[in-house]
Amino acid sequence: MATLKLELLNLIYGGQGTPSTHAVRDVDLVVGDGEFCVFLGPSGCGKTSTLRMIAGLETPTSGVVRLDGRVINDLYPGERDIAMVFQSYALYPHLTVRGHLELPLKAQRVPKVERERRVNEIADLLQIADLLEARPRQLSGGQAQRTAIGRALIRQPRLFLLDEPLTNLDARLRLETRAALKRLQNELSITTIYVTHDQEEALSLADTIVVMNDGRVQQVATPHELYGHPVNRFVAGFIGTPPMNFVAATIHPSANGQVDESSLALVTTGFILPLSAQGTAASDVRGRSGLVPGAALTLGVRPEDLIVGPLAGGDGPRGRVVVVEPQGDERIISVALTGGDAAQTVWKVRAPKRGPGVNVAVGDAVGLTVRPRGLRLFDKETEERVL
Amino acid sequence: MSGAVPAQLADVTVEQATISSRFARQAKLFPWLLFGPTILYLLVLSIFPLIYSLGVSLYDYTLGGDATFVGLQNYRDLLTDSVFWRKTWTTLQITIFAVGIELALGLVCALVLNRRLPGIGVIRLIIYLPMMMSPLVIGYFWKFILDGSFGVLNYLISFLGIPPQQWTIDLTLAKASIVLVDVWQWTPFVILILLAGLQSVPPQIYEAATLDRASIWMQFTRITLPYLTTPILLALLFRTIDTFKIFDIVYVVTAGGPGDLTETLSVFAFYEGFKFSQLGRAAAISWLVVIVINILATVLIKLLARQRSKAVLDEEGAVA
Amino acid sequence: MNAHQTQSGRLSQVLWYLPVLLILAFFTFPLIWIVMTALKPPIDVFAYPPKFVFTPTLDNYRRVLASDYMDSLGHSVIIALVSAAFSVVLGTLTAYGFSRYPLRGKDNLFFWILSLRMLPVIAVIVPYFLLFQRVGLTDTLVAMMLVYAVFNISFTVWLLKGFFDEVPREMEEAAKMDGYGPWGVFTRVALPLVIPGIATAIVFNVVQSINEFLLAFVLTQRKATTAPIALLNFLTPMGLDWGGISAAASMLVTPVIILAIIVRKHLIRGMSFGQLE
């Protein structure tokens with residue numbers, strides 16, 4: 001039974017002669033019991049700092065950390081009933097694997113018999129039973145990591161924290177371990193907080209993702225929702241590989257100054273995109289603040305929502321192919337948009353191997369079509385999503 | 001699913017309650033344990049004696065006799081005494097020559113020893129031994145070797161056609177003898193430090209320079225020397241201060257002689273205090289030495305600190 | 001050696017040995033000469049031209065072993081060990097403090113570090129002398145232990161601080177997460193990882209104590225003399241007993257050499273007062 005609540009957590013480094021950094025700003029969120037929650041964001045966004053405040057390794061400048069309703073701000077890390085796996089595993093060179101597993105139990109004065117039992121139990125679970133007498137320098141990356149995980153879980157903590165645990169593993173091992181972690185968490189049903197900058201990892205592991213940037217929480221949602229309904233431009237651009245394509249745009253005023261479904265269009269300096277063609281009903285548009293004619297917007301389209309085709313006449317998006325990257329059963333085609341300012345913008349398109357654009361080559365002039373419902377609009381200033 | 005719930009958490013019923021830490025008291029007392037005993041010990045046995053010594057220097061104090069307060073008279077007497085200045089000059093001479101030779105010789109030796117030859121590790125270790133030995137003992141070694149009647153040095157130089165010398169008694173050679181002994185004992189220290197500096201250069205830089213067809217001289221001045229600046233400054237700092245303070249070697253090899261020709265300031269203070277029982281004057285001389293050393297040290301340490309931060313930045317840029 | 005080495009390459013290797021061995025000879029000759037002298041019968045000791053070939057004898061050593069010198073040697077060892085042990089305990093704690101609880105004004109700290117190293121002994125000689133007289137501790141082993149500890153503690157602090165700095169912070173954090181408080185973290189994680197540093201500190205402290213002269217000279221007279229002081233008393237009616245002095249000195253120097261070899265890996269850390277690695 002472990003619910004975590006963070007109330008207006010702030011962390012400011014420095015001051016007194018050194019420039020201060022406001023690493024964590026007003027972070028406020030709840031992690032439910034048994035949930036696998038991922039803190040996602042680029043380096044320096046505050047995700048690790050927040051994790052460390054939960055663990056007790058950093059003292060918040062202001063704000064409260066509650067575990068199961070109790071405020072734990074003043075507790076030493078080891079007293080919070082929380083366990084953590086560090087990015088570097090932080091194994092002790094002078095102890096054997098068994099020594100590592102026993103250490104937390106010794107701190108809790110668990111009697112020897114019980115200790116033995118739990119050590120063997122967790123060693124079996126993590127498949128390191130045959131490594132119990134080995135020392136860290138004899139372990140491979142994966143084995144070291146499992147030892148770190150074992151050391152954390154042997155205490156049966158209420159909360160399980162992981163700080164970018166997969167970063168130090170090679171690609172293949174990373175995928176395997178990812179699956180193993182997910183399975184483990186499911187079995188144990190332990191409330192878990194996992195920090196990473198890799199959005200693929202986040203999307204595959206998480207029940208809930210907390211996207212952070214610049215110390216603030218941007219959005220808290222399920223992977224599915226983050227992908228389909230990003231709350232702002234940052235989240236939209238962060239989730240998805242290759243990232244969403246953007247370009248500056250404005251809404252074209254209609255003839256009579258009213259927002260009218262039949263003539264509503266998005267205008268960039270390179271092309272014009274009639275909204276009606278995107279399956280956007282007028283009802284979606286009318287009344288939305290920010291969607292007034294002339295409003296400065298950013299247009300976003302995911303690579304998988306674009307279709308490459310032959311150059312048609314007209315004002316639609318078009319450009320020249322600059323790079324083609326084969327990726328197994330699809331290709332990523334980079335198209336430099338033509339026309340005005342958009343000439344500097346390169347959009348990426350995910351094209352299935354046997355679909356449209358199969359014969360496209362570098363240098364070709366092509367036209368792009370946006371799939372229905374593939375359009376996203378963001379206010380240029382606030383960067384919030386308006387459509 | 002969690003293990004034994006800590007008693008405090010189970011008892012608390014109020015929602016807003018903050019639980020206090022078991023380790024909080026330990027965490028508060030811990031720094032006191034770490035710093036307290038040491039600072040106390042050093043205060044009593046090093047700061048206090050120093051201040052006491054300052055106090056003594058303000059008195060005319062003879063051992064077993066009376067102590068009369070004379071204020072800064074001791075200092076005034078010393079600073080106007082040509083004898084004092086002569087001995088200061090002696091100390092400076094010995095220091096400058098010894099340190100200069102140590103640095104030059106040390107650099108040459110370090111460059112020679114910076115090779116990967118079989119057994120070089122053992123050879124280097126043996127060369128480092130002199131600096132680990134008691135200066136007094138080394139003083140005795142050399143007193144024997146430098147002896148005018150049966151010293152082996154006179155024997156060895158006879159092969160160069162030089163007649164036997166009274167190394168420790170001759171007016172012109174006595175200071176040289178002191179310098180010789182100090183150089184023998186402490187050049188290995190300079191070699192140690194400079195070698196560390198030489199070996200801290202990443203080999204890729206030399207390889208890149210060779211690919212760029214840089215000459216040996218260029219490689220030395222442009223690559224090696226900058227890496228040596230910090231070690232040289234550090235060696236300069238330690239050796240200058242240590243040689244300025246020199247006592248053991250002088251006491252054994254020449255006892256400050258002939259006459260008081262090789263009396264360095266430390267020896268001077270010692271004789272004032274324990275041969276002539278002028279404890280006040282002895283303390284005053286010591287404090288003047290402390291002041292000079294502090295000035296020297298401040299200058300050198302500031303240089304060193306600046307060099308260290310500069311070196312760190314340079315290194316980060318060069319080996320990105 | 002590399003199998004592809006050219007003839008000239010190998011030749012230059014051999015040629016380098018020349019200056020290397022020259023340097024080696026220069027720095028070892030006095031030591032060798034003294035050992036030779038210790039093994040010479042008295043007439044040969046004072047012979048001129050000096051004899052390089054002679055029949056070795058252990059007479060000098062026998063004489064030294066039977067004399068008061070052995071007591072002094074014993075004093076030196078006891079003082080060194082006790083002082084070192086005490087200093088290392090205090091010094092290690094403080095070193096950990098400096099490493100984990102960084103103070104403001106690091107440059108000032110840097111200066112204070114080195115200023116203790118640079119203190120001229122002569123400046124504290126008089127106060128120590130007077131102080132110990134007042135407390136009735138003149139000519140005692142305890143006085144020497146206390147005095148040597150001052151320098152030893154400072155040295156240990158700066159040496160061990162470097163070692164503690166190398167213990168990764170995450171390891172200590174992991175120990176905290178494992179349920180240990182500050183003391184537990186220190187004893188179970190930090191301390192085991194700096195054992196090489198502690199050994200080095202002990203060795204350097206012992207060596208420095210054994211080698212010290214001036215303080216022992218002033219603060220001891222008869223009962224607590226240390227080995228270097230005892231060397232001053234090797235007088236025969238004909239002057240200094242060089243045979244005896246050589247034998248005694250070689251006995252003093254041998255443990256130092258052995259200890260130096262033991263800590264050879266950390267020699268530079270020790271000699272630079274923890275400033276260089």
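Predicted model: local features only at pLDDT ≥ 70, side-chain atom pairs only at ≥ 80, totals over all residues.
1. Setting aside residues within four places of it in sequence, Leu161(A) is in contact with Leu51(A), Ile54(A) and Ala55(A), with Ile82(A), Ala83(A) and Met84(A), and with Ile193(A). The reader may wish to locate each of these partners in the structure before continuing.

2. The setting of Leu161(A) is the largest nonpolar core, which has 265 residues. Leu161(A) is one of the four members that touch the most other members, together with Val38(A), Ile125(C) and Leu219(C). Which element gives the most to this core? The answer is helix α7 of chain C, residues 141–165, with 17 residues. As general background, nonpolar side chains in soluble globular proteins tend to be buried together.

3. Chain A also contains an open sheet of five strands, and the pairing in this sheet is antiparallel. The order of the strands across the sheet is β15-β19-β16-β17-β18. At the edges stand β15 (306–310) and β18 (346–352) of chain A, each of which pairs on one side only. Neighbouring strands of the sheet are turned against each other by 45 degrees on average, with direction ignored.

4. One pairing in this sheet may be followed in detail. Strand β15(A) is joined by five bridges to strand β19 of chain A, residues 365–370, and the two run antiparallel. Within this pair, Val308(A) stands opposite Leu368(A) in β19(A). In general, strands of a sheet pair through backbone hydrogen bonds, either parallel or antiparallel.

5. Chain B has 14 helices and two strands. Is this chain spread out or compact, relative to a globule? Its radius of gyration is 28 Å, whereas the globule rule gives 20 Å for 320 residues; the value for chain B is well over that figure, so the chain is more spread out than a compact globule. Along its principal axes, the C-alpha trace of chain B spans about 95 × 75 × 35 Å.

6. Two further values describe the interior and the contacts of chain B. Buried residues account for 42% of its 320 residues. Of the contacts in chain B between residues at least 6 apart in sequence, 71% join residues at least 24 apart.

7. Chain C is divided into two parts: domain 1 covers 7–38, and domain 2 covers 62–271. Taken over C-alpha atoms, the centres of domain 1 and domain 2 of chain C are separated by 32 Å. How many residues of each domain are in contact with the other? Four residues of domain 1 of chain C are in contact with six residues of domain 2 of chain C.

Conventions
Residues numbered from 1 in each chain as written. Chains lettered and ligands numbered in written order. Core = buried A, V, L, I, M, F, W, Y, C linked by C-beta atoms within 7 Å. Buried ≥ 20, exposed ≤ 12 C-beta atoms within 10 Å, placed from the backbone. Helix = DSSP H or I, 4+ residues; strand = E, 2+ residues; numbered from the N terminus. Contact = placed C-beta atoms within 7 Å. Rg over C-alpha atoms; globule rule 2.2 N^0.38 Å. Pairing = 2+ DSSP bridges. Axes fitted to C-alpha atoms, helices over the stretch in contact; angles between N-to-C directions. Domains from an automatic or database assignment.
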